[in-house]
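User: I want to learn how to read a few features of a model. Could we start with charge and then move on to fold and rings?

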Amino acid sequence: VWGGLRVGWLRAPVEFTQQVGVLKLAADHGGSIVSQGIATPFIEQLDAIAASRRERLVAGCTTVLDELRARLPEWRFTRPTGGLSVWVRIPRGNATTLAELAAAHGVIIVPGPTFSPSGGSVDRVRLPYGDDPATMREGIARLAAAWEAYRPLATAPERPPMRIVV
C-alpha cells in the first residue's frame with residue numbers, strides 16, 4: 001500500500017507462521033499496533049491497489065525511458081522488469097560529479113557509488129520512475145541540461161582501484 005507503513009502479511013502453514021512469529025518477536029519485539037490498525041482496512045483492497053500501482057509504475061517507467069532515449073541518447077540502460085527505478089550508465093565521467101551538477105540544475109539523482117560498498121558503479125545513476133509523468137519529464141529535461149553542462153568536462157569513466165582479497 002505504501003512503503004513507510006512497514007506492515008506485511010504472511011500466508012503459510014501454521015507451524016511455519018508460528019516459527020516466523022517467534023523470530024520476528026525476538027528481532028524487533030513485535031509490530032506497531034497502530035500501523036496494523038491503519039493497514040487492516042486495506043487487506044480486501046490489495047488486488048485493486050496493486051493493479052493501480054503496477055499501472056502507474058509501468059507508465060512511469062515508459063515515460064522515463066522514452067525521455068532518456070529522446071534527450072540523452074548516449075546513455076545506456078535496460079528496461080527494468082520490476083522495481084521502482086532504472087539503472088543508467090553514463091558514457092563517460094563520474095556519476096557522483098554529475099549528481100552534484102544535476103542538483104545545481106534542480107534535479108536530484110543518486111550516483112551508483114552510493115549503493116556500492118566498494119565504491120564501484122562510478123558510471124551509473126539510479127533514476128526512480130514512481131512520480132507523475134509531468135514531473136519525471138521535467139526531471140529528465142533538467143538532467144539533460146546538467147549533462148550538457150557536464151559532458152565537455154567528462155573524461156572516460158573513472159574506475160576505482162581493483163581490490164584483490166586473499
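Analyst: Start with charge. Lys and Arg count as positive, Asp and Glu as negative. This is a predicted model. Its chain has 19 positive and 15 negative charges, and their mean positions are 5 Å apart.

User: Which order do the elements of the chain run in from the N terminus?

Analyst: The order is α-α-α-β-β-α-β-β-α. That makes five helices and four strands. The radius of gyration is 21 Å, well over the 15 Å that the globule rule gives for 166 residues, so the chain is more spread out than a compact globule. The C-alpha trace spans about 60 × 50 × 25 Å along its principal axes.

User: What share of the 166 residues is buried?

Analyst: Buried means under 20% relative accessible area. Here 27% of the residues qualify.

User: How many aromatic pairs does a search of the whole structure find?

Analyst: Ring centres within 6.5 Å make a pair. The search finds three. One of them is W87 with F115, edge-to-face, at 5.3 Å between centres and 80° between planes. W87 sits in strand β2 and F115 in the loop between β3 and β4, so the pair ties together parts 28 residues apart in sequence. W87 is partly exposed at 35%, and F115 is partly exposed at 42%.

User: Are W147 and Y150 stacked, tilted or edge-to-face, and why?

Analyst: Their planes meet at 55°, so the pair is tilted; the centres are 5.8 Å apart. Both residues lie in helix α5, about one helical turn from each other. W147 is buried, with a relative accessible area of 1%. Y150 is buried at 6%.

Definitions and conventions. Residues numbered from 1 in each chain as written. Predicted model: local features only at pLDDT ≥ 70, side-chain atom pairs only at ≥ 80, totals over all residues. Heavy atoms only, no water. Helix = DSSP H or I, 4+ residues; strand = E, 2+ residues; numbered from the N terminus. Rg over C-alpha atoms; globule rule 2.2 N^0.38 Å. Buried < 20%, exposed > 50% of the residue type's maximum accessible area, 1.4 Å probe, protein only. Charge placed at Lys NZ, Arg CZ, Asp CG, Glu CD. Phe/Tyr/Trp six-rings, centres within 6.5 Å; stacked < 30°, edge-to-face > 60°.
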